[in-house]
There are 2 protein chains.
Amino acid sequence: MSGSPASQAGMRRQNLALVLRTIATHGPLSRAAVATRTGLTRAAVSSLVDDLRGRALLAELGPEPATGRVGRPGSALALSAEGPAGLGLDIGVEHVAACVADLRGEIRVTVREEAANRDSPPERTLPQLVAVARRAVEEAAGLGLRPVGAVVAVPGSVADGVVVRAPNLGWQGVPLQVLLREQLNDQLGDLPVSVENEANLGALAELWCGDGPQDFVHVSAEAGIGAALVVGGRLFRGARGFAGELGHVPVHPDGPACACGARGCLEQYAGERAVLRAAGTWGRESGDRIGELARLAEAGEEAALAALERAGTAMGIALAGAVNLIDPAAVVLGGAYAELAEWLLPGLRRELAARVQVRPWEAGAVVVAALGRRGPRVGAALVTVRRVLEDPVGVAAGV
Amino acid sequence: MSGSPASQAGMRRQNLALVLRTIATHGPLSRAAVATRTGLTRAAVSSLVDDLRGRALLAELGPEPATGRVGRPGSALALSAEGPAGLGLDIGVEHVAACVADLRGEIRVTVREEAANRDSPPERTLPQLVAVARRAVEEAAGLGLRPVGAVVAVPGSVADGVVVRAPNLGWQGVPLQVLLREQLNDQLGDLPVSVENEANLGALAELWCGDGPQDFVHVSAEAGIGAALVVGGRLFRGARGFAGELGHVPVHPDGPACACGARGCLEQYAGERAVLRAAGTWGRESGDRIGELARLAEAGEEAALAALERAGTAMGIALAGAVNLIDPAAVVLGGAYAELAEWLLPGLRRELAARVQVRPWEAGAVVVAALGRRGPRVGAALVTVRRVLEDPVGVAAGV
């Protein structure tokens with residue numbers, strides 16, 4: 001087959017990806033430096049770079065500073081701040097949001113709106129989500145960015161584009177990928193859509209944006225408590241794709257009844273509703289209940305402090321089981337609870353220190369996510385960006 | 001480099017492995033059938049087969065029945081029942097054992113002795129282990145089998161040949177690989193030795209001997225309770241190599257103090273000592289306490305039944321957390337507790353059914369290991385057998 005048109009096209013596609021990845025990892029780079037790093041000829045690199053610039057994937061930064069070498073200074077190439085981009089969507093219990101990341105991984109546009117999504121059917125939630133998506137895409141267009149894929153973060157378990165179970169939205173068996181593609185495409189043209197659990201996306205965002213460990217448990221909480229397991233730099237999904245249900249790990253097996261039907265699950269101690277009830281703030285009107293709770297704790301309000309201590313302890317008990325089972329290098333506290341870390345971490349760390357079997361389990365192995373509650377939508381936007389970098393021809397062309 | 005002697009030797013080594021694996025998977029096969037399956041020429045296959053027979057890795061079974069085809073019937077080749085073999089060793093709290101597996105994976109020799117290893121220093125345990133190993137190797141020699149590697153199963157956490165912690169033996173930081181190699185080699189000549197957690201080896205034995213799922217949690221219990229996670233047909237070891245500490249997953253966080261320093265760990269409800277105490281049989285002299293407990297349960301003795309119900313329930317609570325986190329396709333009950341399955345499974349299955357978040361969690365997804373308490377030493381012996389099949393030249397020659 002070698003030399004046939006099909007394999008030549010395949011090889012060019014691979015080389016385009018190679019040049020793009022090389023510049024993404026090591027750039028800005030001159031054409032000569034790309035040739036050196038990739039082993040491709042300078043002529044081949046020039047042709048591939050022209051192609052990538054034509055697709056708006058690369059930008060030319062202008063002449064490099066003179067280096068004392070003989071010859072014309074090369075012009076530095078970098079990932080484009082315009083052109084193909086990733087659209088990240090986020091359905092929370094109390095908000096919908098959209099953001100757009102450029103190829104460099106920078107979030108250039110964010111649109112977020114309060115929403116009453118608790119027990120709200122998809123027919124009510126989706127139009128609002130599509131509206132923020134459209135606003136984000138319009139703003140992005142003004143910056144020269146054109147999303148080539150959308151990923152939506154949902155607080156629930158997902159399989160093959162279907163939300164199997166999102167208890168806090170009241171969703172069960174919702175074919176979100178199909179529904180959203182239909183509504184988005186009415187407004188935005190043909191855009192591939194995929195659906196992913198929010199904890200998984202939050203974990204990927206931490207993995208991709210930071211330089212932390214490649215093996216960690218990422219805990220995130222908004223209405224529910226989810227976790228994502230990252231193993232060897234990849235998501236660990238489990239046999240059915242439902243790994244990471246930390247919120248329903250039993251903490252006190254005879255404890256309060258949980259919405260899931262069992263008793264004493266972690267969510268009954270550390271879920272948002274449980275914490276706010278214990279703090280006495282549940283039912284108060286507030287756009288940002290977690291922010292409000294942090295302010296009360298900051299002010300030394302006793303019920304708030306006690307509720308957070310109890311939640312941190314329960315999280316530590318559940319995570320001690322997780323660490324004993326999975327032996328990760330770190331536990332990352334993400335999502336909205338990153339903002340409560342100051343009050344959650346003491347109990348959480350204490351239980352881990354007491355219960356993790358193979359010691360020492362360093363207190364420093366529990367860290368706070370850098371992205372906090374933005375994590376899931378940032379991760380959602382970056383999924384598409386990474387797909388483009390891996391296969392610029394296929395993804396940008398919608399293959 | 002192609003065509004150099006080094007790469008020719010490397011290619012021959014790979015082809016020897018290819019022929020051996022092909023016969024292991026699809027055999028008995030004639031030389032002609034091996035050539036067809038591997039794509040090697042018949043002349044090459046003949047030469048490789050001669051080499052493998054010279055190393056006693058293959059046996060010739062005699063002429064195949066005539067198939068109606070023209071020509072001389074081929075002679076069928078199969079893995080040898082003599083020659084290179086695997087030595088599996090097993091240190092339990094109340095026994096030491098050794099077994100030898102031939103290349104076909106059959107256990108041909110087993111030597112097992114009662115031993116008082118609870119809180120016994122390695123200086124007392126190892127000579128007894130080495131003695132059973134020597135007897136097993138002598139018996140194997142009578143069958144024409146020659147172990148080319150030894151693997152020892154220990155009830156504790158292992159890293160780089162060192163037993164980091166084996167609470168029921170009272171070992172901490174014991175450099176078992178070095179100690180055992182020295183003593184074994186005095187008696188048996190130069191034999192590579194490796195050390196592995198018993199739960200891991202029990203899980204590998206189930207994986208290799210059965211045709212069950214490739215993703216499961218394998219629970220085994222003797223004095224302690226351990227688990228091994230098998231993911232995609234491979235052991236999941238965790239970042240530090242200590243994954244699977246199910247025995248110290250918190251079940252009732254305020255429960256009885258555990259030897260590990262924490263409270264309410266699974267071992268306090270379902271560990272051998274806890275179960276026998278609850279059944280009222282702890283301290284009675286018995287060579288086989290688990291067998292005795294099974295007899296009492298069989299006879300309907302109430303304390304025994306209640307102790308097993310409590311243990312099964314606690315195992316179900318801890319495993320519900322594990323299933324929620326890891327989402328395996330099955331839970332396998334192995335080790336000595338496989339013999340107690342009849343009384344453990346009802347509580348265990350009930351808790352899983354109630355607490356696993358993403359349902360249905362099939363009751364049938366909890367299965368009993370076929371090998372039971374033989375699992376760890378069978379797995380230990382098979383590790384070497386599989387190494388030989390993967391690289392017959394390197395392993396059998398001690399490379």
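User: Which residue takes a positive phi of about 80° just after helix 8 of chain A?

Analyst: This is a predicted model, in which local features need pLDDT of at least 70 and side-chain atom pairs count only at pLDDT 80 or more, while totals for chains, interfaces and linings use all residues. Residues are numbered from 1 along each chain as its sequence is written, with chains lettered from A and ligands numbered from 1 in the order in which they are written. Helices (DSSP runs of H or I, at least four residues) and strands (E, at least two) are numbered from the N terminus. Just after helix 8 of chain A, the residue with a positive phi of about 80° is Gly280(A).

User: Which residues of helix 8 of chain A are buried, and what covers them?

Analyst: A residue is called buried if 20 or more other C-beta atoms, placed from the backbone, lie within 10 Å of its own, exposed if 12 or fewer, and partly exposed in between. By that rule the buried residues of helix 8 of chain A are Glu272(A), Ala274(A), Val275(A), Leu276(A) and Ala279(A). What covers them includes, in chain A, strand 11 (216-221), helix 7 (267-270), helix 9 (289-298) and helix 10.

User: At what angle do helix 8 and helix 10 of chain A pack?

Analyst: Residues are in contact here if their C-beta atoms, placed from the backbone, lie within 7 Å, and axes are lines fitted to C-alpha atoms, for helices over the stretch in contact, with angles from 0 to 180 degrees between N-to-C directions. Helix 8 (residues 272-279) and helix 10 (residues 302-326) of chain A have axes 7 Å apart, and they pack at an angle of about 145°.

User: Which residues of helix 8 of chain A make that contact with helix 10 of chain A?

Analyst: On the side of helix 10 of chain A, the residues include Ala303(A), Leu308(A) and Arg310(A). The residues of this contact divide into nine nonpolar, no polar and one charged, where Ala, Val, Leu, Ile, Met, Phe, Trp, Tyr, Cys and Pro count as nonpolar, Asp, Glu, Lys and Arg as charged, and the others, Gly among them, as polar. From helix 8 of chain A come Val275(A), Ala278(A) and Ala279(A).

User: Which element of chain B gives the most to the side of chain B that touches chain A?

Analyst: The contact between the chains takes 35 residues from chain B and 35 residues from chain A. On the side of chain B, strand 8 (162-166), helix 10 (302-326) and helix 11 (341-355) each supply at least two residues. With seven residues, the element that gives the most is helix 10 of chain B.

User: How are the two copies related?

Analyst: Superposed by least squares on the C-alpha atoms of residues with pLDDT of at least 70 in both, chain B can be laid on chain A with an RMSD of 0.1 Å by a turn of 180° and a shift of 0.0 Å along the axis. The copies are therefore related as by a two-fold rotation axis.

User: Which residue of chain B comes closest to the rotation axis?

Analyst: The same surface serves both copies, since 100% of the contact residues of chain B recur in chain A. Among the residues of chain B, the closest to the axis, with its C-alpha at 2.9 Å, is His252(B).

User: Is Ile91(A) buried or exposed?

Analyst: Ile91(A) lies in strand 3 (residues 83-91) of chain A. Its contacts, not counting residues up to four places away in sequence, include Val96(A), Leu129(A) and Val152(A). Ile91(A) has 30 C-beta neighbours inside 10 Å, and therefore counts as buried.

Notes
Two residues are in contact if their C-beta atoms, placed from the backbone, lie within 7 Å.
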